[in-house]
Amino acid sequence: ERRARAAAAADEEFSEEFLSAARKVFEMIDDDGSGTLEKAEIVRAVRADKEVQSFLQNCGNQNLMYLLVPARLESALAVLDTDRDGHIDACEWEEAIESALANKLEQRAAKREQQAKAAAKEIEEFTGEFLSAARRCFELIDKDGGGTLSTEEIVKAVREDKDVIKFLKTCGEENLQFLLVPARLKKSLDYLDTDGSGELDIDEWEEAIHRGLAKRI
């Protein structure tokens with residue numbers, strides 16, 4: 001919901017800027033200030049005015065873009081001049097611009113969707129790798145294979161096992177990280193050992209791991 005609100009706000013800002021640029025381009029083409037665009041004015045502008053060229057190239061409306069192509073200009077004008085009076089008035093211009101804006105907003109939405117899918121895939125891959133590394137770390141500490149981590153096993157691992165040390169440093173859960181700090185180790189174990197058994201079982205380990213994962217992503 002927060003992302004949707006941010007996207008809507010960004011689209012609103014983009015729309016305002018786009019419509020403002022479109023009005024400015026209309027005025028730049030309308031050399032005589034008559035409020036309509038004659039063919040001669042359009043030809044001059046698309047040949048000589050770089051700002052007009054840049055806007056039309058990227059506007060998102062095919063017929064407005066075709067004004068830049070001499071071989072397509074007549075057919076584009078015929079489509080844009082909906083009342084067939086021989087020029088493009090402000091209403092006809094705005095109709096084309098509204099169509100262009102709709103296309104641009106659709107492109108922006110498609111791009112956001114693509115980015116969201118890529119991000120979701122990246123998170124999924126990271127989550128799998130992180131949880132796999134967490135399981136391996138548990139197994140490295142659990143030297144006797146008993147399925148629980150004793151204080152002795154933890155102390156030994158955080159002193160000697162580089163893989164365990166590396167994982168804990170970057171796991172994102174402060175109490176797991178404090179296992180690396182002798183002065184904080186007992187307090188951290190007391191916190192992590194939620195059932196008070198004196199050892200960390202796999203459920204207690206995974207509970208902490210998922211807190212760390214939430215911070216990492």
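Predicted model: local features only at pLDDT ≥ 70, side-chain atom pairs only at ≥ 80, totals over all residues.

Visitor: At what angle do H6 and H8 pack, and how far apart are their axes?

Guide: Helix H6, residues 90-141, packs against helix H8, residues 162-169, at an angle of about 135 degrees, and their axes are 10 Å apart. Because of that angle, H6 is described as oblique to H8.

Visitor: Which residues in H6 and H8 meet?

Guide: From H6 the residues are Phe-130, Ala-133, Ala-134, Arg-136, Cys-137, Leu-140 and Ile-141, and on the side of H8 they meet Asp-163, Val-164 and Phe-167. Sorted by class, the contact of H6 with H8 holds eight nonpolar residues, two charged ones and no polar ones.

Visitor: OK, now H1 and H3: what is their packing angle?

Guide: H1 and H3 pack at about 135 degrees, with 10 Å between their axes, and therefore H1 is oblique to H3. The crossing of H1 past H3 is left-handed. On H1 the contact involves Phe-18, Ala-21, Ala-22, Lys-24, Val-25, Met-28 and Ile-29, while H3 contributes Glu-51, Val-52 and Phe-55.

Visitor: And how do the residues of that H1 and H3 contact divide by class?

Guide: In the contact of H1 with H3 there are eight nonpolar residues and two charged residues, with no polar ones.

Visitor: Changing topic, how many residues does the largest nonpolar core have?

Guide: The largest nonpolar core has 27 residues, and the ones with the most contacts inside it are Ile-29, Ile-42, Phe-55, Leu-56, Leu-64, Leu-67 and Trp-93. Helices H1 (2-29), H2 (39-48), H3 (50-57), H4 (62-66), H5 (70-80) and H6 each supply at least two residues of this core.

Visitor: What is Phe-55 in contact with?

Guide: If we leave aside neighbours within four places in sequence, Phe-55 is in contact with Phe-18, Ala-21, Ala-22, Val-25 and Ile-97.

Visitor: Can we look at single residues? Is Leu-189 buried or exposed?

Guide: Leu-189, which is found in helix H10, residues 182-192, counts as buried because its relative accessibility is 10%, and the cut-off for buried is under 20%. Not counting residues up to four places away in sequence, Leu-189 touches Thr-151, Ile-154, Leu-179 and Leu-200. Leu-189 and Thr-151 are 38 residues apart along the chain, and their C-alpha atoms are separated by 8.0 Å.

Visitor: Then where is Arg-211 found?

Guide: Arg-211 is in helix H11, residues 202-216, and with a relative accessible area of 28% Arg-211 is partly exposed. Once neighbours within four places in sequence are left aside, Arg-211 is in contact with Glu-173, Tyr-191 and Leu-192. Arg-211 and Glu-174 are 37 residues apart in sequence, with 9.4 Å from C-alpha to C-alpha.

Visitor: One more: what is phi of Arg-84 near?

Guide: Phi of Arg-84 is near 55 degrees, which is a positive value in a residue other than glycine. Arg-84 sits in the loop between H5 and strand E2, residues 88-89, and counts as exposed because its relative accessibility is 60%, where exposed requires over 50%.

Conventions. Residues numbered from 1 in each chain as written. Heavy atoms only, no water. Axes fitted to C-alpha atoms, helices over the stretch in contact; angles between N-to-C directions. Helix = DSSP H or I, 4+ residues; strand = E, 2+ residues; numbered from the N terminus. Parallel < 35°, antiparallel > 145°, perpendicular 65-115°, else oblique. Contact = heavy atoms within 4.5 Å. Nonpolar A, V, L, I, M, F, W, Y, C, P; charged D, E, K, R; others polar. Core = buried A, V, L, I, M, F, W, Y, C linked by side-chain atoms within 4.5 Å. Buried < 20%, exposed > 50% of the residue type's maximum accessible area, 1.4 Å probe, protein only. Left-handed = near helix turned anticlockwise from the far one by under 90°.
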